[in-house]
Amino acid sequence: WTADPNPYYAGSDPESAKVRLLHPWTRGTIAMIGGTQMVITRVSGGHPMGTLPHDSPLGRIVGDGMETVFDRLHDGYGNAIDTKGHGPDQRRIFEQGMDYIRKEFPKTDYISHCEVL
């Protein structure tokens, strides 16, 4: 028996990239992208997420969690993916941390608690 060294098509080869496009993330997918950032997919069929080798889905928001929590979060600042650079600067977040967010984006919502069911 031999383990598949690439069970989730995480390679950068053309075949892996093609297979990842066949499995788009849907609304409510929680994932890590770029190895350092967590995202929650707010709409299905939007920007093609999960297409890079280091994008990793972790789970899904279930029940009415999207409607009762995530759809109510402030989204007026935008982000680098959906709004082409408007919103918080990722480099400044890494350099200045939450002080930067609190000062420049005071309406930002925070998740202070979650639990695994």
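Buried means under 20% relative accessible area, exposed over 50%, and partly exposed in between, with a 1.4 Å probe and protein chains only. This is a predicted model, in which local features need pLDDT of at least 70, side-chain atom pairs count only at pLDDT 80 or more, and totals for chains, interfaces and linings use all residues. Residues are numbered from 1 along each chain as its sequence is written, and side-chain values use heavy atoms, with hydrogens and water left out.

**View 1. Helix 1 has a buried side and an exposed side.** Helix 1 covers residues 14-21. Helices (H or I, at least four residues) and strands (E, at least two) are DSSP runs, numbered from the N terminus. Ser16, Val19 and Arg20 are buried in helix 1. Down the axis of helix 1, these buried residues fall within an arc of 100°, so they line one face. The arc is that of the directions from the helix axis to the C-beta atoms. The face turned away from the buried side carries the exposed residues Pro14, Lys18 and Leu21.

**View 2. The whole chain holds 4 helices and 3 strands.** From the N terminus on, the order is α-β-β-β-α-α-α. The chain has 117 residues, and buried residues make up 20% of them. It exposes about 8,900 Å², of which carbon and sulfur atoms supply 57%. Accessible areas come from the Shrake-Rupley method with a 1.4 Å probe; for residues, only the protein chains shown count as cover. Take the contacts between residues at least 6 apart in sequence: 48% of these join residues at least 24 apart. Contact means heavy atoms within 4.5 Å.

**View 3. Strand 1 pairs with strand 2 and with strand 3.** Two strands pair if DSSP finds at least two bridges between them. Strand 1 (residues 29-33) and strand 2 (residues 37-40) are antiparallel, with 4 bridges. Strand 3 (residues 56-60) also runs antiparallel to strand 1, again over 4 bridges. Met32 has Met38 as its bridge partner in strand 2 and stands opposite Ser56 in strand 3. Ile30 has Ile40 as its bridge partner in strand 2. Strand 1 is mostly covered, with 4 of its 5 residues buried. The hairpin of strands 1 and 2 has 3 residues between the strands, and Gly34 there takes a positive phi near 65°.

**View 4. Tyr77, Tyr100 and Phe105 form one aromatic cluster.** The whole structure has 2 aromatic pairs. Rings of Phe, Tyr and Trp (its six-membered ring) pair if their centres lie within 6.5 Å; planes under 30 degrees apart count as stacked, over 60 as edge-to-face and the rest as tilted. The ring centres of Tyr77 and Phe105 are 4.9 Å apart and the planes stand at 80°, so this pair is edge-to-face. This pair links distant parts of the chain, 28 residues apart: Tyr77 is in the loop between helix 2 (65-68) and helix 3 (90-96), and Phe105 is in the segment after helix 4 (98-104). Tyr100 and Phe105 also pair edge-to-face, at 5.6 Å centre to centre and 80° between the planes. Tyr77 is partly exposed, at 22% relative accessible area. Phe105 is buried at 10%, and Tyr100 is buried at 4%.

**View 5. Arg27, Glu67 and Asp71 are linked in a salt-bridge network.** A salt bridge is a side-chain nitrogen of Lys or Arg within 4 Å of a carboxyl oxygen of Asp or Glu. The structure holds 4 salt bridges. Arg27 and Asp71 meet at 2.6 Å, N to O. They lie 44 residues apart: Arg27 is in the loop between helix 1 and strand 1, Asp71 in the loop between helix 2 and helix 3. Arg27 is partly exposed at 24% relative accessible area, and Asp71 is partly exposed at 34%.

**View 6. Arg42 meets Asp75 and touches Leu73.** Asp75 forms a salt bridge with Arg42, the closest N and O atoms being 3.7 Å apart. Asp75 is in the loop between helix 2 and helix 3, and Arg42 is in the loop between strand 2 and strand 3, 33 residues apart. Asp75 is exposed at 52%, whereas Arg42 is partly exposed at 30%. Leu73 lies in the loop between helix 2 and helix 3 and is partly exposed at 27%. Not counting residues up to four places away in sequence, Leu73 touches Arg42 and Asp109. The C-alpha atoms of Leu73 and Asp109 are separated by 6.1 Å.
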